[in-house]
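Colleague: I am new to reading protein structures. Could you walk me through one, feature by feature?

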Amino acid sequence: MGFDPGWLALREPADRAARDATLLRRAVALAGPGGSVLDLGCGTGSTVRAFEGAGATGAHWRLFDNDAGLLARAAVLHPEAAICQGDLAEIDALPLEGVRLVTASALFDLVSRDWVERLAARLVAQGTALYAALSYDGVMRWSPEDAEDAAITAQFNAHQRGNKGFGAALGPSAAETAAGIFASLGYEVQCAPSSWRLGPQEAEMQRLLLAGIAQAAAEAGYAGAEGWQTRRARVLAEGWAEIGHIDLLAVPPGDGRRA
Ligand SMILES: C[S@@+](CC[C@H](N)C(=O)[O-])C[C@H]1O[C@@H](n2cnc3c(N)ncnc32)[C@H](O)[C@@H]1O
């Protein structure tokens, strides 16, 4: 499963606007100057840029992904970061030594419950915090409405629960599931909405998003996907879309940095 760098670049400003400012600020403080931060599924490094935009300085980033093309871009954009190529599915091999904070964005909806449990076991063992931003939450709304919006959303959500390389994906329940797992280990967990609100200025992003949603719904067996996409594309200039996400911050037990 590849992630197009053009799509990642297009969504980055919407992601930046959507991130919950309070949780991002707390995550930046948890990283602190001089702390080591491991970004899982880093793409081209959007989380580093979000942290820098929120005032982070001096953190030592390890950028982890399996896509050599995305990592090559990340290396150019963030020459000071350590670039790590590997498979996230191999939790025991993740370079977590000395890491104070693990970050991820737009990743936790791809992974399975088992994957989160195994990651949480490693993080709690060494007292590492987690900031997992922008997990899709299953809610999509459009204006103007279309009679098939709800059916498309249901089909898309079913597709989101398919295997993305980690076993059955958490999809829309990602943040809730991760919050429960980390809370059960004594972490202080905070969640906050980080929905995209997309208008006519984001027409190009919306066009690609509609195509992706329609393709997933079609793959899930929905016959009306193409017609829905065509009708939605016609009204891009007059409406908006709201795509639900959730940010999560989990601070380990006994950490003086808990709120
Ligand atoms: C939706 S993208 C998010 C990228 C980046 N965090 C962002 O917000 O722009 C998911 C990222 O996870 C990476 N990824 C997916 N499965 C992976 C795996 N098994 N091992 C390592 N990276 C993986 C992809 O290459 C991609 O960069």
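Colleague: How many of the residues of strand E1 are buried?

Modeller: Keep in mind that this is a predicted model. Buried means under 20% relative accessible area. In E1, residues 36-40, five of five residues are buried, so by that cut-off the strand is mostly covered.

Colleague: Which residues of E1 lie on one side, and which on the other?

Modeller: Ser 36, Leu 38 and Leu 40 are on one side. Val 37 and Asp 39 are on the other. Both faces are covered.

Colleague: Which strands pair with E1, and in what sense?

Modeller: To read pairing, look for bridges between strands. E1 is joined to strand E2, residues 60-65, by five bridges, and the two run parallel.

Colleague: Through which helix does the chain cross from E1 to E2?

Modeller: Follow the chain from strand to helix to strand. Helix H3, residues 46-53, carries the chain from E1 to E2, and this β-α-β crossover is right-handed.

Colleague: What joins E2 to strand E3?

Modeller: Four bridges join E2 to E3, residues 82-85, and these strands run parallel. Phe 64 stands opposite Cys 84 in E3. The chain passes from E2 through helix H4, residues 68-77, to E3. That β-α-β crossover is right-handed.

Colleague: Now a helix. Why do the buried residues of H6 line one face?

Modeller: The general idea first. An α-helix has 3.6 residues a turn, so residues three or four places apart point the same way. Now the case here. H6, residues 149-160, has twelve residues and spans 16 Å from its first C-alpha to its last, close to the 16 Å expected. Its buried residues are Asp 149, Ile 152, Thr 153, Phe 156, Asn 157 and Gln 160. Down the axis of H6, they fall within an arc of 135 degrees, so they line one face of the helix.

Colleague: What covers the buried residues of H6?

Modeller: The cover includes strand E5 (129-143), helix H8 (203-219) and helix H9 (225-234).

Colleague: Which residues touch the most other members of the largest nonpolar core?

Modeller: That core has 50 residues. Phe 51, Trp 61, Leu 101, Tyr 131, Trp 142, Trp 196 and Ile 213 touch the most other members. Leaving aside neighbours within four places in sequence, Phe 51 is in contact with residues including Leu 24, Val 28, Trp 61, Leu 101 and Tyr 131. A second, separate core of 32 residues includes Leu 38, Leu 123, Leu 170 and Ala 179.

How values were computed:
Residues are numbered from 1 along each chain as its sequence is written. This is a predicted model: local features need pLDDT of at least 70, side-chain atom pairs count only at pLDDT 80 or more; totals for chains, interfaces and linings use all residues. Side-chain values use heavy atoms; hydrogens and water are left out. The expected span of a helix is 1.5 Å times one less than its number of residues. Buried means under 20% relative accessible area, exposed over 50%, partly exposed in between (1.4 Å probe, protein chains only). The arc is that of the directions from the helix axis to the C-beta atoms. Contact means heavy atoms within 4.5 Å. Two strands pair if DSSP finds at least two bridges between them. A crossover is right-handed if, with the strands pointing away from the viewer, the path from the first strand over the helix to the second runs clockwise. A nonpolar core is a set of buried Ala, Val, Leu, Ile, Met, Phe, Trp, Tyr and Cys residues joined through side-chain atoms within 4.5 Å.
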